Amino acid sequence: MRAASRLHVPSSRAAPQNPDVFFQAREAANPWYLATPAIVQQAMDRLAARTGRAYHLVDYHGAPDAERVLVIMGSGAEVTRETVDALLARGEKVGVLQLRLFRPFPMEQLLAALPATVHSLAVLDRTKEPGCAGEPLYQDVVTALAEGVSAGHRPALPRMIGGRYGLASKEFTPAMARAIFDELARPALRNHFTVGITDDVTHTSLEHDAGWSTEHAETVRAVFYGLGADGTVGGNKNSIKIIGEDAGLHAQGYFVYDSKKSGSITTSHLRFGPHPIRSSYLISQASFVACHQFHFLGEMDVLALAAPGATVLLNAPYPAAELWPHLPRPVQETILARKLKVFSVDAIAVATKAGLGKRINTVMQTCFFALTNLLPLPQAVAAIKKGIEKSYGKRGSIVLEKNYQAVDAAISALAEVPVPATVSSTKERRLPVLPEAPPFVQAVTAALIAGQGDALPVSMLPADGTWPTATTRFEKRNLATEVPEWDSELCIQCGKCVLVCPHAVLRAAVYEEAALAGAPDGFKSAAARWRQFPGQKYTLQVSAEDCTGCRLCVEACPVKNKREVRLKAINMAPHAPIKDRERANWDFFRTLPEVPREQLNQDLVKDTQLLEPLFEFSGACAGCGETPYLKLLSQLFGDRAIIANATGCSSIYGGNLPTTPWATNRAGRGPAWANSLFEDNAEFGLGMRLALDQQRTRAEFLLRAHRGKLDAALVDGLLALEGRDPAALAGRRHLVTTLQHALADASDPELHELAALAESLARQSVWIVGGDGWAYDIGFGGLDHVLASGRDVNILVLDTEVYSNTGGQMSKSTPRGAVAKFAAGGKQAPKKDLGLFAMSYGHAYVAQIALGGDDSHAVKVFREAEAFPGPSLIIAYSHCIAHGYDLVHGLEQQKLAVQTGHWPLFRYNPAVAETGANPFSLDCKAPSLPLKKYAYNETRYTMLAHAHPEAAEELLHEAEADLKERWHRYEYLARSVHGWTADAKEEPHA
């Protein structure tokens, strides 16, 4: 569309059109569409003149007298071109026709480019449109050729078939392209085929020889296995730049991530060589394999891609001369069978000594260059250090020196591993899931965890996209080198460590002493410190194999050992020596009876932490600030929760395959969870509420209509006003269960319908969950609509003040002065006050919480929000790895956020106004610390202070002014709102 400018004649656009002219107006645009292909080609020609890279609307590559041709768009064309070259060398008459413009479809150019000799043609689409006669590109090509024949431009139609490949970036290799060419040579062609999968349901798939390769022998193919946040991917990206710029070689990198957040497995596929690299697919035969985490060797087939004679680099905690006995038996067998050369380095020891913690990327990168000789080593080291300066220069000279020291120490720490002639190990790789896992988990989930999902046939996957929950409990990732250990004598049983545990690996239980019968040796217990449970026992237990070692539990513990002040009631201990013991303890702990919910005071932290979490062992980052809130939600309401989750971090660690952390209790109840998009998640959740209300209305109608066929007391109980306290909820659940039993054999169609709707008669808790990118930005309009609706829904905003899941972009929640993507010079505008906006409606419950600021306040808010009979909004401070500091300090940062006034704690409860009191409660003290005490602990602020100190100081000053203005506004609200007055604000909750 041409620009609307005051330099031109004023105009009106997008005016609503009536039926009298709409048709003609659409046709009036025809000349512009007809002209577009030529305009695009002109732009391609200008690019060719400047760069030498020539492109056309349709490019043909192959034999001029080709008999079999593939038509394709996108990256798959390079794979097909590579395949065509290999087949041409064998004398086959094949070709590939690549389209670079889809719409307007270049019909004339396609007819001109396609050789007249073609008798069989396949069109590949990287999409699936269920129910259509064929995918879009296939249909357009068929139409173009049919019109060409009809117009006399071609004598006859070739045989034509369409197929699907590469959905969701599924691998497409030369072997798969060759399978399609082979199909085109058959007497009878299979139309609407698939390639790259095994379709054993509708039998559309073509078989291919996975071992067939077209890669150049001189190409170095390297595969690296790392752990998210250990720096592997960043180091490899720097290696690509170094080799491409300094070695004069062609370079390529593909990076594969699993479904977890930080702490996930990353696989880097790098190619280097003297010839152009067109191989847009992953490596299957690697000449170099690096394993950056030693425990991977016991969990996955790290050497599966190693070619015979390949070089292997291991990050190992053992000297090279002593490493062989520590390798699992399958690893030893592969090394001997393929005659692999093995080298090792204790990268963690080198990095730790240099002050880098577990960031081993510079160590492993240096070893890679030392072993591959892609550059002379002195030149490689200089280039690595130059890359370090470019990557970390803004973080100060201390960070640079630590990385330089690690590079220099890496080479001397590298050594070749002596390889004996025989296998000596008896160690096996551990199973992907526990043996007691359900059949689906054993067959499908286990394959996904083991990285074998590509091999799963169609028949093994759920057709409706519904996957089982509570599957993380069968995974046991064993990520932590240190795990919490409980001092039962020192512990005051406050529950704080359990509350803040991001992965729900710490659990507490109170039980009768008789339940200890059969406990394993070393199972700890202490006298329970609850008045309502006299004579009972208490245990704090860790699931060591699920722990990520984040240490937040230790930081949260308020008790210190007076004899040795460095120790608390919970302390970190090496995982390996206690692994087997704690596995047995955990298995026994899971058999202990639960305390009935109605016997607990759920306003107390220590009581809520006796409730079983129904959100456990997620794939979130170690030390995540979001997941403790979700875990608390699941403890309080999980057995009756329905959750609408916006796309973001909470959808990745909360619902992404292969495993699901949303769990079930012993009665088989748990949260129902569904993921929606950024822009419509609030409406998605509101729809759930409306549907539930309709179901309940219908169920109540049927109860009344069939009152005479049911127990009258049961009907009256179910039609009575529903209470919201734990005892009332438990009573209601009992009535619903009684009704379900009574209707189990009902033959009346309406009673059968009532049985199906019975669950709607129990209180359902609808939660709409998402991050600040959703709530403040993209989904804000929907959130506004839901708040305005007045419906009984609960909204939880996990506020990290940045788009955490997509690399740390600025959101409207990002504070002034913080550095983020799209705010490299520090955000210039203040943080949006979402809470103040929501309070303006007057009928919504609104609260702002921070577990590190006041955990009792957070628990109270969750309870009040869920009990409120209308919309509620909880804005929860969530520290994040994107903030740029060790998350072990996350709780302290939350506390500082409250103390500096950056994150005031408050509640706005319209129900309080009905008593004549002020609905707004400011639940924290006035700011007592300068903002820099909080901000300058985080890299997102200090980066700017290092790079542009004057700008940082000015933004910090403005940010402090923002906080003061907001605090005064809140103070005013706390003293006088809509005629309510308060002489003093309510005291913070203890």
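Helices (DSSP runs of H or I, at least four residues) and strands (DSSP runs of E, at least two) are numbered from the N terminus. The model is predicted: local features need pLDDT of at least 70, side-chain atom pairs count only at pLDDT 80 or more, and totals for chains, interfaces and linings use all residues. Residues are numbered from 1 along each chain as its sequence is written, and side-chain values use heavy atoms, with hydrogens and water left out.

**View 1. Q493 in the loop between strand 15 (482-486) and helix 14 (496-500).** Q493 counts as buried because its relative accessibility is 2%. The side chain of Q493 reaches the backbone oxygen of A527 at 2.9 Å, and a polar atom of that side chain lies 2.8 Å from the backbone nitrogen of R529. Beyond its neighbours within four places in sequence, Q493 is in contact (heavy atoms within 4.5 Å) with residues including W530, Y538 and K606.

**View 2. The largest nonpolar core, with 123 residues.** A nonpolar core is a set of buried Ala, Val, Leu, Ile, Met, Phe, Trp, Tyr and Cys residues joined through side-chain atoms within 4.5 Å. Y538, Y629, W767, L796 and F862 have the most contacts inside this core. Helix 32 (residues 949-975) supplies the largest share, 7 residues. Apart from this core lies another, of 38 residues, among them V350, M364, A380 and A383.

**View 3. Contacts of Y629.** Not counting residues up to four places away in sequence, Y629 touches L796, L798, I849, A850, L851, F862, A876, Y877, S878 and Q894.

**View 4. I197 in the loop between strand 6 (193-195) and strand 7 (205-206).** I197 is partly exposed, because its relative accessible area is 31%.

Technical notes: Buried means under 20% relative accessible area, exposed over 50%, partly exposed in between (1.4 Å probe, protein chains only). A polar contact is a pair of N or O atoms within 3.5 Å; within protein, one must be able to donate a hydrogen and the other to accept it, and residues adjacent in sequence count only if both atoms are side-chain atoms.
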